Structures are given as C-alpha cells and as structure tokens.
Amino acid sequence: MGTPPETLFKQECDRRGLGWPEFEELFRSTATEVIGKGVNNPTCSERTYRRWRGGQVGADQLSHDTRRVLKAMFGLDAVALFAPPERTDSPAPAFYLNEEIEMTAREAQDDASAAAASVSDTSLDQLTDDVAALALQYASIAPGEAFRRGRELREEVFGLRDRTRIPAQQQRLLELLGQTMALLAASAFDLGAFDAARRMVRSADVYGEAARFEPLRAFADGILAYIAYFQGMPTEAVSKARRAQSYGGLGDVAMRRLLAIEARSHGYLGDVESARRALRMSAEVDTGARDDLHDGVGGEFGFTPERLAMSSSSTALLIHDGDQAAQSATRALELIAQKPQADRSAHVLGGAASDLAMARLLANDVEGAADALTPLWSIPGDQRVTGVLVRTGQIREYLTQPAFRGATLPRELRDRVEDFTSTATTHQISGRSSLLQLEA
C-alpha cells in the first residue's frame with residue numbers, strides 16, 4: 001500500500017494538477033472574485049504553498065479571508081483540507097505510485113533549492129544605501145514625500161524576505177524593515193497621524209526585537225515617548241524614554257536624544273528638578289560610544305547639536321525659564337544657519353524660531369517675538385510638521401490674552417500665525433485640537 005499524502009490539501013492539488021504556478025494563479029483569481037479587497041486580498045507565496053502541502057500549517061493559523069478563498073476553490077472547509085485524508089485499504093495503482101515518487105523527488109529538489117536560496121548582496125547593499133539616503137534627507141524634505149519613499153522601500157525590502165534562506169541576509173532584511181518602518185512612523189507623526197504612527201513604530205520595534213537590534217528598539221521607544229508627550233501623556237512619555245535608555249549597545253547620540261525627550265516630559269509634568277537634571281545629562285553625554293543606527297546610519301536616526309538645542313529651548317519654556325529658552329533657541333538658529341540651505345531642517349528652524357518668539361513674549365517683547373518668527377514664514381506648507389504647528393499654536397493662544405487686546409502688532413502677529421497654521425498641509429490630516437496645548 002502506498003503512503004498517503006500528508007494532507008487532503010496535497011491530495012486535492014495533486015488530483016487537480018495544481019502545481020505551484022497553477023495554484024497561485026487560481027488562488028489569486030479566486031481571491032479577486034470572492035474577497036474583492038484589491039491589494040488587501042490574501043496571497044499565497046510558493047513557500048506557504050509547500051508548507052500547506054506538507055501539513056506544516058493548521059487551519060486555525062489562516063486568516064478568515066484565506067479560509068474563504070480555499071473553500072471557494074475546493075468546496076471544503078480549511079479544517080478538512082489541512083487534516084490527513086482518509087486512508088483506504090485498496091492498493092494504489094502503479095501509475096499513482098510512480099506519480100508519488102516523481103512528486104516526492106521534485107519536492108525534495110525544490111526544497112533543497114529553496115534552502116540554499118539567496119538574493120544578491122548587491123541588491124541588499126543598494127537597499128541599505130536607499131534607506132540610509134532617506135534617513136539622511138528626511139529633515140530637508142516634506143514628510144509626505146518621506147512617507148511615499150518609505151512605503152516604496154518597505155515594499156522592496158519585504159518582497160525579498162521570501163527569496164532568501166541565508167541567515168545573514170534575513171538579519172539584514174529585518175533591520176532594514178525596522179528602519180523603514182521607523183522612518184514611516186516618524187513621517188506619520190510629523191503629518192499629525194498619531195494612531196498610525198504608533199502602530200508603525202511598534203512594527204519597527206517588533207523587527208528590532210526579531211533582529212536583536214537594540215538601537216532600533218531604543219529609537220522606537222523614543223518615538224512612542226514623543227507621541228505620548230504630544231498627546232498629553234507625559235508620565236507615559238517619561239516611562240518610554242527611560243525604558244529606551246535601558247537597551248544595550250547605545251551610543252552617545254542615542255542617549256543624548258532619549259535624555260532630551262525625558263527632559264521635556266519632566267518639564268510638562270512640572271518636575272523642574274528632574275527636567276534640569278535630564279537636560280544637563282543630555283548636554284554632558286560624552287563617552288565616545290557609537291552604535292550602528294544613530295551613528296552608522298544617522299540622519300533622522302541621529303540627533304544633531306541644533307536639534308538638541310531646540311529641544312532644550314522647549315524644555316526651558318516648560319519650566320518657565322525664559323532666559324535659558326532664548327539662549328538655547330538662539331544657539332539652535334546659529335547652528336542651522338551654518339548648514340547649506342538644502343540641508344537645513346524645517347522642523348528645527350521652525351521650532352527654534354517659535355521657541356525664541358515665545359521666550360521674548362514671556363519677557364513682554366512683542367516686537368522681538370515678531371522678529372524671531374521671520375524665518376517661520378518661508379517654511380513651505382508641506383514642511384510644517386507637528387512640532388512646529390504645536391509651538392505656533394501656543395503662540396497664537398498666548399496672544400489672545402487680555403493684555404494684548406486692542407494692540408495692533410499682537411493682533412497682526414496672531415492673525416499671521418493662524419494663517420500659517422491653517423494653510424499647513426498636515427492640518428488637513430489631523431486637526432490641531434488633538435494636539436497638546438501647553439501653558440506659556
């Protein structure tokens with residue numbers, strides 16, 4: 001008696017002559033007809049097809065849509081399809097045994113080929129360069145453009161995962177997927193899409209965990225801290241920033257970034273002592289340590305001196321230290337002015353200018369505040385990111401106080417800030433009412 005097939009699914013595929021190409025075509029066309037979700041239709045890779053044939057997948061592991069497609073194809077429930085077929089006592093015909101022998105030989109050959117499958121190292125090198133280029137250019141391009149490029153890169157990297165079994169290549173692909181998802185999360189955050197950003201950055205963290213790439217996990221927790229901060233949850237922001245600092249293998253840049261985030265979160269909580277301590281520590285980090293993400297890739301994964309100065313000015317405002325805020329914001333503007341125009345971050349420029357203006361308003365210097373905001377007006381609508389819009393929103397709110405009513409310059413400045421905010425491209429995605437409004 002011949003050995004029965006491992007699953008009824010395998011038996012049915014053999015009976016109908018559904019090798020991988022035929023099965024894939026039928027599965028895709030059936031999904032289009034039955035599910036009708038376009039790019040969100042379930043798909044089946046060759047590797048998955050072979051696992052189904054070999055009984056390596058249970059019906060409970062399939063999505064609801066996948067089960068519907070298989071039901072339409074075979075007229076059988078997935079539970080029956082992935083169970084062993086009923087045995088019969090009748091001897092198998094010789095031609096059936098020959099088919100089984102040939103099929104087994106082909107499957108063994110295919111599996112051996114798949115086990116040795118790899119992708120070109122040149123392709124991986126190019127993708128690595130492309131992800132790094134996006135990270136480096138991130139600060140000087142619109143977040144919408146960064147998101148579009150990041151999504152394309154994710155699709156390219158994801159498409160290679162099933163084409164290699166080489167552990168070193170799988171490791172690189174996991175790291176690249178994690179970096180790409182982190183950049184997508186950053187751009188979603190800058191566009192004001194907080195819920196989507198949170199989901200994306202958690203995906204980045206999962207990839208970092210799978211790749212044992214701790215700097216990526218720390219970066220992801222930093223973004224989660226930012227999101228919590230801007231959604232008015234500073235206690236959670238402190239917790240995320242501190243957890244991120246506990247990961248191993250972090251360089252000075254990573255620690256500087258996380259301490260700066262922690263400082264702002266303490267500031268929002270009104271914990272002046274902790275905010276000042278974290279600020280001081282962020283400025284004093286100097287062990288010489290580096291890591292492969294914050295230093296090796298850099299760009300959006302880094303934390304430039306001007307970005308640190310801008311973050312410090314925001315923290316100083318939160319703890320009502322106007323002099324320190326003005327000093328740090330001025331330092332950030334001086335540093336960014338030293339860079340070529342094409343490399344200047346609209347986020348840092350707008351954030352520092354807004355912080356300097358707020359510091360001057362706190363000193364009752366309305367003319368000085370108007371002068372500080374001059375760089376702001378040149379920022380294109382599609383580069384007015386979340387952090388800048390929150391700061392300008394605070395200025396607008398501050399200028400509504402009774403002390404400024406009836407005065408011409410405060411009214412003109414308030415109207416101009418309102419126009420700046422309302423014409424921002426990101427304003428169309430997320431209303432500013434969901435963002436944090438801090439007291440001046």
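This report walks through a predicted model, from its overall make-up to a few individual residues.

Because the model is predicted, local features are described where pLDDT is at least 70 and side-chain atom pairs where it is 80 or more, while totals for chains, interfaces and linings use all residues. Residues are numbered from 1 along each chain as its sequence is written, and side-chain values use heavy atoms, with hydrogens and water left out.

**The whole protein**

The protein has 20 helices and zero strands. Here helices are DSSP runs of H or I with at least four residues, strands are E runs of at least two, and numbering starts at the N terminus. Of the 440 residues, 49% are buried. Buried means under 20% relative accessible area, exposed means over 50%, and partly exposed lies in between, using a 1.4 Å probe and protein chains only. Two residues are in contact when heavy atoms come within 4.5 Å. Among contacts between residues at least 6 apart in sequence, 72% join residues at least 24 apart.

**Helices H7 and H9**

Let's look at one helix pair. The axes of H7 (residues 121-137) and H9 (residues 167-190) come within 10 Å and cross at roughly 20°. That angle makes H7 roughly parallel to H9. The axes are lines fitted to C-alpha atoms over the stretch in contact, with angles from 0 to 180 degrees between N-to-C directions; under 35 degrees counts as roughly parallel, over 145 as roughly antiparallel, 65 to 115 as roughly perpendicular and the rest as oblique. The crossing of H7 and H9 is left-handed, meaning that the near helix is turned anticlockwise from the far one by less than a right angle. On the H7 side, the contact includes Leu124, Leu127, Val131 and Leu134; on the H9 side, the residues include Leu173, Leu176 and Leu183. By class, this contact has eight nonpolar, four polar and three charged residues. Ala, Val, Leu, Ile, Met, Phe, Trp, Tyr, Cys and Pro count as nonpolar, Asp, Glu, Lys and Arg as charged, and the others, Gly among them, as polar.

Asp205 is found in helix H10 (residues 194-211) and is buried, at 14% relative accessible area. Its side chain makes a polar contact of 2.9 Å with that of Arg217. Such a contact is a pair of N or O atoms within 3.5 Å; within protein, one must be able to donate a hydrogen and the other to accept it, and residues adjacent in sequence count only if both atoms are side-chain atoms. Beyond its neighbours within four places in sequence, Asp205 is in contact with Arg217, Ala220 and Tyr247.

Phe230 lies in helix H11 (residues 214-230) and is buried, with a relative accessibility of 4%. The C-alpha atoms of Phe230 and Gly387 are 8.5 Å apart, although 157 residues separate the two along the chain.

Most residues other than glycine have a negative phi.

**A residue of H14**

Arg277 is found in helix H14 (residues 272-284) and is partly exposed, at 32% relative accessibility. Arg277 and Glu262 are 15 residues apart in sequence, with a C-alpha to C-alpha separation of 9.9 Å.
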